[in-house]
Amino acid sequence: MKLFVSEGNPHCVKVLAVLGVAGVKCDVQLVSHEERVVPFLNRPVLPVLLLPSGQHLFSPNAICQYLFEVVGKEAGDCSNQLLEWEATELQPAVLQALHMLVLQGKSGEAGTVLKGPLGWLEQYLSKRTTPFLTEETMAVADIVLWAALYPVLSNSAFEAGELPSVRDWFKRVSQLPACEAAVQRVLQGKGLDALKNFLQKQPAPHIQRRDSPPIANATETEDSEPVMTEEEIQIAAQAWSKGLPDCSDNAQKKHPILPQEGKRNVLVTSALPYVNNVPHLGNIIGCVLSADVFARYGRLRGWNLLYVCGTDEYGTATENKAREEGLTPQEICDKYHAVHSSIYKWFQIDFDYFGRTTTERQTEIAQDIFWRLHERGYLLEDTVEQLRCENCQRFLADRFVEGVCPHCRYPEARGDQCDKCGRLINAVELKEPQCKVCQQTPEIRSSKHLFLDLPKLEGELEQWLEKSTGSGDWTLNAKHITRSWLRDGLKPRCITRDLQWGTPVPHPDFSDKVFYVWFDAPIGYLSITANYTSEWEKWWKNPQQVELYNFMAKDNVPFHSVIFPCSLLGAQDNYTLVNSLVATEYLNYEDTKFSKSRGVGVFGDMAKDTGIPSDVWRFYLLYLRPEGQDSAFSWADMALKNNSELLNNLGNFINRAGMFVSKFFEGHVPEMVLQDEDKRLIAQVCWELKQYIQLLDKVRIRDALKCILNISRHGNQYIQVNEPWKKIKGEDDDRKRAGTVTGVSVNVACLLSAMLEPYMPTVSRTIRDQLQAPAHCARAMLCADRGFLCSLSAGHRIGAVSPLFQKLESEQIEALRKRFGGQQPDEETPTGKVPSSTVNSAQPKPPAAATPAVNASVSAADPERAKQLAAAVAEQGDKVRALKAQKAEKSVVTAEVTKLLELKKELALAEGKNPEPSPQKGKKK
């Protein structure tokens with residue numbers, strides 16, 4: 001094993017301390033903060049533990065748990081809950097406090113940020129009779145929490161207040177030699193100054209205040225709740241009591257949707273998916289689903305909004321797919337356009353219009369922009385060296401040649417861009433190029449082409465970018481990618497290709513060519529809108545009235561932030577340019593990439609065959625939306641989020657609220673007489689609602705979803721504390737109290753239905769149907785920032801209530817994980833490759849039918865196979881420990897343990913030993 005750490009990184013303190021305490025032998029390598037140790041991540045992450053199997057662990061807490069597991073110290077439930085609290089509550093607060101303390105010198109404010117978490121920890125420790133957090137001896141949770149708090153609690157400038165129990169425990173752990181050594185190695189005796197370089201490279205921390213206790217049955221402290229004044233509580237309660245305003249429901253869309261005077265006119269696009277590819281989950285969350293959430297939200301807010309998208313159908317990729325399937329390019333486009341439409345319909349993507357680029361309007365608009373650029377001197381002619389495959393008898397499009405990247409040496413760079421370093425390249429610059437169709441080496445030939453003169457437009461582009469990025473909601477990665485292009489200096493960009501399937505170039509000297517897809521494809525937004533309405537220019541030539549939001553994955557950013565805007569700026573026709581460019585990072589599948597050919601990952605046409613509703617897919621994809629960094633889809637995590645967040649949290653609260661009305665009050669919302677506790681809940685809910693609106697206004701889609709879950713946590717706590725099921729059996733005052741709690745709870749459920757509409761439209765509609773909520777309640781609460789309103793007044797009759805979610809069973813999830821795991825390549829071992837047959841033998845088998853068969857095989861030793869199996873056992877052992885460290889579902893861990901035991905039996909057989917354990921001497925059977 002090898003552990004990679006860096007100086008000044010506070011996360012490295014905990015893993016080095018655990019390494020010392022556990023006594024695990026491990027090579028420790030000191031690297032810089034910028035070192036990219038994990039090859040499949042697009043950003044540097046430390047610390048990282050490289051396992052003998054080649055797996056990487058890069059969550060500090062997972063590394064700590066793994067190292068304890070190696071020496072047989074498994075974390076208990078209480079320890080696991082403390083680790084979860086440290087990761088989700090304590091660590092974000094500590095990073096924010098350190099940012100204030102080290103970079104801003106605000107020691108007082110830093111203490112305020114940590115007041116809630118430290119207050120809870122003080123209360124927790126004061127009730128313990130053991131010297132450590134969970135038991136008499138130190139556990140992994142002790143070191144993890146100690147290391148998180150070390151930078152602040154060891155600094156005299158930090159104003160933490162009186163914390164006798166915390167300080168006694170902290171001092172006890174600090175005195176351990178392993179902890180002292182870890183601090184010295186990371187901080188080098190420099191104290192907080194050692195953290196400055198690390199903190200400066202981190203994004204400005206933002207934490208949301210949450211109120212759920214980290215440990216089951218723990219007592220909540222007031223300090224962990226949102227800080228609200230009595231005045232704020234009274235204002236929220238008064239607004240709630242006024243109820244819904246009388247207004248007609250204007251939510252029905254009337255087509256065509258056109259910009260209106262005096263309204264906020266929002267035009268939303270998502271990157272046009274290639275027609276020849278079936279979209280996988282990463283494509284869906286990166287473009288159409290994210291845009292759909294924002295569009296649905298905008299409509300609820302009362303914006304005049306148009307959402308358009310469509311399939312990108314021109315280019316060599318389509319020609320090649322047609323050749324593979326024995327169809328014409330148009331037939332391929334027709335076939336896969338229908339596939340895309342069907343997938344997006346199942347995912348409930350609510351386009352106002354879903355079009356395509358193979359239309360007459362596309363040709364008209366693209367050629368018009370071309371001529372305007374030509375007339376204004378923004379096009380250049382030049383002779384280009386291109387790769388031509390003599391075997392295929394054609395020039396190779398960029399995406400049909402692969403080779404070694406000239407910049408970073410990545411061996412699978414495409415002819416237009418390297419996926420590893422992100423640099424744009426020309427195909428002839430590739431080292432060792434190969435035709436992707438026939439794997440032959442292409443030759444370099446010359447051809448005359450047209451170029452967009454980007455350097456000539458660079459000054460105008462920079463002026464526009466400064467204004468757009470300053471006033472709009474561009475994601476950080478979009479800004480960084482765009483700035484890196486400008487920093488390197490713009491170069492003329494070829495806009496024509498030697499192809500047949502594409503928009504024809506109208507210039508007589510280039511009549512045998514078509515437009516390059518990345519000049520042509522973004523114009524598809526305009527032509528698709530033109531196919532939707534003949535008055536398309538009211539959207540696309542109206543920058544004074546229209547706000548344009550583009551949604552995409554980060555690899556599409558340069559074409560939307562540089563090339564397409566330059567085309568429109570150069571055309572000088574008052575085009576609407578992007579105001580907010582929203583780009584996601586990448587979504588991976590488990591610990592690898594999606595691959596249709598290898599059957600790895602879930603693609604859009606497969607999701608509906610899993611039996612999991614599309615709303616659950618939407619929820620999970622949005623929950624892990626890769627906003628600031630890459631994220632990974634995990635079956636175990638999907639089951640965990642469904643069963644904990646949807647079933648036990650959100651669904652449990654909404655179902656209980658409705659069931660109490662049905663069971664105790666004959667289906668009618670009871671009278672509500674608000675007490676201080678009810679008003680406080682209303683104020684808490686109102687605060688979360690405001691956060692939700694502020695976050696979605698800024699297109700922080702994932703963070704806003706957490707506000708919904710926070711509200712249902714508040715609601716569950718509120719019900720649990722007030723116990724209406726008991727009070728309904730008591731005296732008159734108790735029965736009235738049960739009525740108020742029930743009425744307030746069912747109104748919170750109604751609000752949740754409105755907030756869920758952008759994320760889970762079917763669930764949202766089901767809740768409203770069950771509650772028979774007013775049709776306009778969602779828009780009434782979200783449209784004008786009115787806050788949380790009483791939408792179900794006393795006497796309102798609700799409908800039949802039923803559960804909203806179903807548990808995802810471990811057997812079901814394990815079956816799906818195997819189904820979509822694909823045909824993996826042979827596993828590398830220290831002695832070479834383990835053949836697929838060996839790897840497959842790790843699957844659990846039924847026990848041998850008869851003992852003699854086992855005994856007969858004992859003497860048949862196979863040294864070569866034993867060597868391979870020994871490596872497979874070591875790798876499977878690492879996998880089991882890693883799963884335990886990552887807190888995977890128990891059933892998943894059990895299945896992998898079973899595989900490990902079977903492998904060990906096969907190893908024993910291969911070594912000529914009896915695989916069954918010998919009976920212990922002196923014991924009767």
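## Gln362

A polar contact is a pair of N or O atoms within 3.5 Å; within protein, one must be able to donate a hydrogen and the other to accept it, and residues adjacent in sequence count only if both atoms are side-chain atoms. In this predicted model, a polar atom of the Gln362 side chain lies 3.5 Å from the backbone nitrogen of Gly524. The Gln362 side chain also makes a polar contact with the side chain of Ser527, at 2.5 Å.

Gln362 is in helix α14, residues 360–375 (helices are DSSP runs of H or I, at least four residues, numbered from the N terminus). Gln362 counts as buried because its relative accessibility is 0% (buried means under 20% relative accessible area, with a 1.4 Å probe and protein chains only). Leaving out residues up to four places away in sequence, the residues that Gln362 touches include Tyr314, Thr503 and Asp520 (contact means heavy atoms within 4.5 Å).

## Nonpolar cores

The largest nonpolar core has 189 residues (a set of buried Ala, Val, Leu, Ile, Met, Phe, Trp, Tyr and Cys residues joined through side-chain atoms within 4.5 Å). Ile369, Trp617, Trp635, Tyr692, Tyr759 and Phe788 have the most contacts inside it. Another core, of 72 residues, lies apart from it, with Ala97 and Phe158 among its members.

## Basis

Residues are numbered from 1 along each chain as its sequence is written. The model is predicted, local features need pLDDT of at least 70, side-chain atom pairs count only at pLDDT 80 or more, and totals for chains, interfaces and linings use all residues, while side-chain values use heavy atoms, with hydrogens and water left out.

Definitions and conventions
Helices (H or I, at least four residues) and strands (E, at least two) are DSSP runs, numbered from the N terminus. Buried means under 20% relative accessible area, exposed over 50%, partly exposed in between (1.4 Å probe, protein chains only).
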